[in-house]
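Let's walk through it together, starting with a pocket and ending with a sheet.

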Amino acid sequence: MVEVYYYISCEKASKATECGIKLSEYADREVEVYSNSTKKCLIAYLNPRDNMELYNNKEYICLKLNVDSQYCFVAQSCLYRLGMKNEYIMKRYLSSIIPVKDYRFGAYRRPECLITTTVIGDDIEIMKKGLDTPVLFENSQELYLNNKMQEFKDKNPYFNNDALYFLCSNLVEQGKLYKHMDKENRLAVFVKTETDEDIILRLPDEL
């Protein structure tokens, strides 16, 4: 069994916890799920904060579902939205669908859980914010970005410096910083226009 989170309107929440969530009634989408067969799916999340719009919406309640892992898949939701207007991206979305047991946390920026079965009432409970089972990370997007940052850091010992350099260079274009370069000593000095504070960085190797 896998624990996932599903949002439902407040008026339907009590019925769902008593009678379950029927796939035929609540299906959010039909897609080719892993086996190349089109299936109806409920869209759920690995972390309740993976959909902050619904998390903060008082008209919706977050339900905690326990689902047999064989009926739960994970996909990259960013690709689905882009794929609605781009056939190539939609193919990439479909290829991103994997069984939940094969998913590594942080692998997708905005993972969504595709549930391909009805969930009975005994496997549903209302999530109590702040009092429920603690989650191990703030949300999947932050975990994904942290993982990607770490991957680059492992490959480039100057990653932090270089990333900050290009960010500061962008702020120079916006008029928020002044930039002074010392190519002989491979240094750049950025000066904040508001506070006159210096930010001293090493010039990236490609410059």
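Helix 4 (77-83) is the top contributor to the lining of the largest pocket, giving three residues. Strand 1 (2-9) and helix 3 (52-55) also supply at least two residues each. (Helices are DSSP runs of H or I with at least four residues, strands are runs of E with at least two, and both are numbered from the N terminus.) This is a predicted model, where local features need pLDDT of at least 70 and side-chain atom pairs pLDDT 80 or more, while totals for chains, interfaces and linings use all residues. Residues are numbered from 1 along each chain as its sequence is written, and side-chain values use heavy atoms, leaving out hydrogens and water.

The pocket holds about 320 Å³ of space, a volume being what probe spheres set on the grid points fill, with points joined across faces, edges and corners. Its lining has 16 residues, with R29, I43, Y45, N51 and L54 nearest the centre. (A pocket is an open set of points on a 1 Å grid over the protein atoms alone where a 1.4 Å probe fits, with protein on both sides within 12 Å along at least five of seven lines; lining residues have an atom within 4 Å of a point.)

Now for the sheet: five strands form an open, antiparallel one in the order 2-3-7-5-6. Strand 2 (29-32) and strand 6 (98-99) each have a single partner, so one side of each lacks a neighbour in the sheet. F73 has P99 of strand 6 as its bridge partner.

Note on methods
Two strands pair if DSSP finds at least two bridges between them.
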